[in-house]
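Subject: Structure for you to look at

Hello,

Here is the structure I said I would pass on.

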Amino acid sequence: MMQQQPSPNIASPSTSFLSPRSSPLFAASLDQENPNTPYEYKPGDNNNNYVQYQQESEEKENEKQAPPKQVAQAMERLAQAGRLVAQFRMGGDRFTEALFTGLSLKQRDPDTDKVTVQLIASEEASMRNCLEELRTLGMTLEASGVMIGALQRLQESPSWGLHMPLVCPDGAVVAYAWKRQLAGQAAASAVDRTRLALKAFTDQKRRFFPHLEEHTLGNDSDGEIHSTKRPCTSLLGIRNRKQDIVNESDQELSLSDVLKCVDADAPAMKISIYQRLEWFKKASSLALKGNSFLELSKQEQSQPLAKLGTQTGGQTISGSVPLDQISVLDVYVPSVFRAIISLTPAGSTIPDAVAFFSPDEVGSYMHARGVSIHNIYQQMSKYGEKVLQYFVRVRPQSSLDLLLRWLNTYQSLFTKPCSKCERILAMDQVSALLLPPVIRPHQDLLLHKNPSSVLTTNAKDPSTDVEKAFHVGCLVEEEYIL
Amino acid sequence: MPVKRLYFWQPNVGVTLTTQIFNLLCKCIEDANGIKECRLKANIVQYRPILKDENQRMDIVREFLGISFEEQPDKHLFVIRSHRLVMESDSNLPSIFDKLQSYRKAITLNFEGFQYKFGDFQLKVFKVSQSETLKAVVMEVEYLPVSSLEKTRALMDEFFEIWQELLSSKTPSGHIFNIDPNFADYHLSDHYSWQHTAVLYSSAMAQAMSTRN
């Protein structure tokens, strides 16, 4: 190799690392033997075996390989070390998540000790493995002489405080990363170039087209727009097993699908759709006129849901509310209750508020966050908020569907006695009011494989349904906690 | 309109009806955290035709009831029990009767009492008197959230049982019973209305008149 005097101030990119004065790689002989039998990678292999094998084979080959090959190997090992470091960082992340999951599982159900301990132990074991591998790799690198003289090189050639050599993500070794960026070579690999281009594009889109941003919520796996962190998939398996949720029913349904489904399975529940402002105008005008919704339905028909089925792929329903502007659902069960659901963003299947009212109530206060004048509906609204938050947290894609199915269980509000005390009216100790059973358990809804089966059972044969009802005071806390 | 029921106090045989039971009812409601709201008045008038001509007797009704409530001055209800008819009318119809001299007021029952709010229920307790003689004590129970008779039947039955138990523990001198007319006879629907109220009160009057002290 060429004898080069390393410059005292600036070490040139290509030779500082390969300086013959300090690298033992080049002092090795150039004899080569036959290459060893190739290592067959088996899927179940632990990384450790591979590294060990490499170590052994390389010790034999060290003296036999040409310096460029040794350099290449060293570079490869450094890259692997980088990967191990990244894996370790991710492992740390997963470990924290395991702790949090364990904590939440423990709060919900004290019997999950074994599972959580196993989970935490497995994450800890994988992190330890990473560290071990890194250690082994480090020793290999040290043995091959990569580390030798690195400190001296650093001390000998003061480089204005910048540490060298810098290995770029695409493998190039440079003194200063910014030098490459200036030269326009920063994202030299195709992957990097693509990534940078995407970032620039999304930034521009966000600046110039802010209204398009809401459609990308939840779709971007990069994490740039999505503000909440997605948990690692292995942990979800634990949660799903615990709650016994069937994954096949967790498909994403559009708003029209959900409404059509509910319309078909629960004919007693009448759902009307509105734009947000439209609803407020209607509620206020009825309050002023003193009409009731009953009289109004005789005068004008609210948007019938049958129209939803006639759209052929366009966004609008013939003459009525465009699908992507629906933000208020008015769920009416005659003579029992009226529930107002608000959807955010408009046209999505994510409810953000629900409130109950009397079927005869009118007033401009009737909206998804309004409060009824009757105690029974006030209690139902309070409970409904909790249930909604639960559904959105556990199954966000089908939260509206679940909410509507849960509302359907309230058809028997005044006729079904409490499952515990077997009476309809009971004195609520807290509020000193006589109330019917206003609690309908919601966890059972998540257990059903086919969402529509629950509705058809209730609608057709109320005597055989297994839905329970409870007074507020009769609710057994341990069984039905949110 | 919210569903209503009417409870009629039936004193035991040999016991005279006094305002004591009215006071007791009021006290029971107040003890159960009912909130007194206002005084109420209503009256039911039995009209009889003034016959000027013998021939008229065949095809006119012998009597009908006119019901009015002080808190609803523009509502006047008429019930013809014999024909099972109930209707709302304009509030100046009784004055028209006076001017025409076609019908006279045969019996007038005055309802006086208080209104209470009891959770989602509205309770009214009335003393029913005919020219200073106490005829009956009635309690009207209204369940504000719902208007369907069918849906609230079980709930209202339970409410009645609760009050029956409560009152029987307070006084042994009588009991309440539920006035339950057959609304279907009057061709009234499941949705509660003022006409249902009129039928309720007319039954109460009939009951009051039949128990002669």
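Is His442(A) buried or exposed? Keep in mind that this is a predicted model. His442(A) has 0% relative accessibility, and because buried means under 20%, it counts as buried. You will find His442(A) in the loop between strand 8 (433–435) and helix 13 (451–460) of chain A. Its side chain makes a polar contact with the side chain of Tyr383(A), at 3.4 Å. The side chain of His442(A) also makes a polar contact with that of Gln443(A), at 3.3 Å.

Next, the place where the two chains meet. The size of an interface is often given as the accessible area lost when the parts come together. For chain B and chain A the buried area is about 1700 Å², with 61% of it on carbon and sulfur atoms. Three residues, Asp120(B), Lys151(B) and Glu158(B), supply 32% of the area that chain B buries against chain A, more than any other three residues. In terms of residues, 19 from chain B and 21 from chain A take part in the contact.

Which side chains form the salt bridge? They are those of Arg423(A) and Glu158(B), 3.7 Å apart from N to O. On the side of chain B that touches chain A, helix 3 (residues 149–170) gives the most, with seven residues. That side is made up of 10 nonpolar, five polar and four charged residues.

Regards

Methods. Residues numbered from 1 in each chain as written. Chains lettered and ligands numbered in written order. Predicted model: local features only at pLDDT ≥ 70, side-chain atom pairs only at ≥ 80, totals over all residues. Heavy atoms only, no water. Contact = heavy atoms within 4.5 Å. Buried area = accessible area lost by both parts, 1.4 Å probe. Salt bridge = Lys/Arg side-chain N within 4 Å of Asp/Glu carboxyl O. Helix = DSSP H or I, 4+ residues; strand = E, 2+ residues; numbered from the N terminus. Nonpolar A, V, L, I, M, F, W, Y, C, P; charged D, E, K, R; others polar. Buried < 20%, exposed > 50% of the residue type's maximum accessible area, 1.4 Å probe, protein only. Polar contact = N/O pair within 3.5 Å; in protein donor to acceptor, adjacent residues only side chain to side chain.
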